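These are my notebook entries on one structure.

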Amino acid sequence: MAEVTLKSIEKTYPNGFKAIHGIDIDIDDGEFIALVGPSGCGKSTLLRMVAGLESITGGAVSISGREVNGLEPADRDIAMVFQNYALYPHMTVFNNMAYGLKNRRMAKDEIDSRVRKAADILELAPLLERRPQQLSGGQRQRVAMGRAIVREPSVFLFDEPLSNLDAKLRVQMRVEVKKLQRQLGTTSLYVTHDQVEAMTMADRLVVMNAGVAEQIGTPIEVYDRPATKFVAAFIGSPSMNFMEARIEGGEAVLDDGVKLPLNGSAQGVSEGQTVSLGIRPEHFEPGGDAHGLELKIDLVEHLGADTLVHGHTGGKNALTTVRLSGHQHLAPGETLHLAAAPENLHLFDPESGKRL
Ligand code: ATP
């Protein structure tokens, strides 16, 4: 069993910069966790602390119940896959995969059997005698995966392993990596700034912002009930729309007087309170009554499967994006009447950003 526990983890770099502010995560055996967040939020720092490549200045990391703070990377029973693959250019695919095992003085037969088994799983068997420069990007990425697999570690650590691939291959490899992880059942921690990758691959996401874990939850939990405005804006594409509103008689009243019923979902919000009201682009419905939301259209994007309509709503002309399914015959300058179901309205405290 390889659970990974991060308890009150902090990182202060030697220059005094505090990159991680007390993070707690309990990762179950076999679980796939994605660390996701914008550039500079501390994802790589946290991963590197688990790997042992960066010192831990506060708190403790445990793997399978054993604290690893003082252990060298090689003694932590982890394998890491990097963004740049870190392959040795002068070595064959076989030797790239075997390198770590040879270093540990493993018996030749055992090395051979592990490398061939991994090569079969990864469909690299015909390429074992090639060198990295004779491989495509996707094949190189698989060799990097193979090198991690042959070590049969308790934990895989991935640092943006797909970000050097083109968009199509990335989607393909995303599915392959996920299938492989399921098949092997190895506990995994995966860093990405790509929220689609995080949503599709992970059992649970850790959404990070400025060295803090803003929310930890399944992709659906994080999408349906974002804990903060930051998480709401980061998860979902295009981003959630936000409008200023006041709570009056169980309704959210926008600055132009448009009223959106909340159907009791505003518990804990006081009468007269100003809130930040969030609506996802896909949660608007065309229609609604003449007193409802109006979108003055600026731009229409036809994506084939659906249509993105960009425009302005409300007295303060808040920028708003609406996603409608299929082809829509709409043009800039027109007005679109919209409705939104009460269960799809999200309320946040405008000051703290916390969900209300
Ligand atoms: P990206 O997606 O851009 O790789 P990230 O979320 O992985 O970003 P980190 O690389 O973990 O971010 O960096 C977190 C913060 O720590 C950043 O503000 C960065 O500038 C800072 N940082 C990273 N390494 C050091 C260092 N050696 N000394 C001081 N500050 C550092």
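I began with residues 4-235, whose end C-alpha atoms lie 25 Å apart. This span is 36% helix and 25% strand, where helices (H or I, at least four residues) and strands (E, at least two) are DSSP runs, numbered from the N terminus. UniProt, in an unreviewed entry, places the feature "domain: ABC transporter" at residues 4-235; such annotations may be inferred rather than shown by experiment, and UniProt positions are given here in the numbering used in these notes, with feature names shortened.

I noted that this is a predicted model, in which local features need pLDDT of at least 70, side-chain atom pairs count only at pLDDT 80 or more, and totals for chains, interfaces and linings use all residues. Residues are numbered from 1 along each chain as its sequence is written.

I then looked up the confidence. The mean pLDDT (the predictor's confidence in each residue, from 0 to 100) of the chain is 93, and 99% of its residues reach 70 or more. The complex receives an ipTM of 0.97 and a pTM of 0.91 from the predictor.

Next I examined helix 2 (residues 93-103), where Val93, Phe94, Asn96, Met97, Ala98 and Leu101 are buried, that is, 20 or more other C-beta atoms, placed from the backbone, lie within 10 Å of their own. Just after helix 2, Arg105 takes a positive phi of about 55°.

Last, I turned to the ligand. Its shell takes its largest share, three residues, from helix 1 (residues 43-51).

Conventions. A residue is buried if 20 or more other C-beta atoms lie within 10 Å of its own, exposed if 12 or fewer, and partly exposed in between; C-beta atoms are placed from the backbone.
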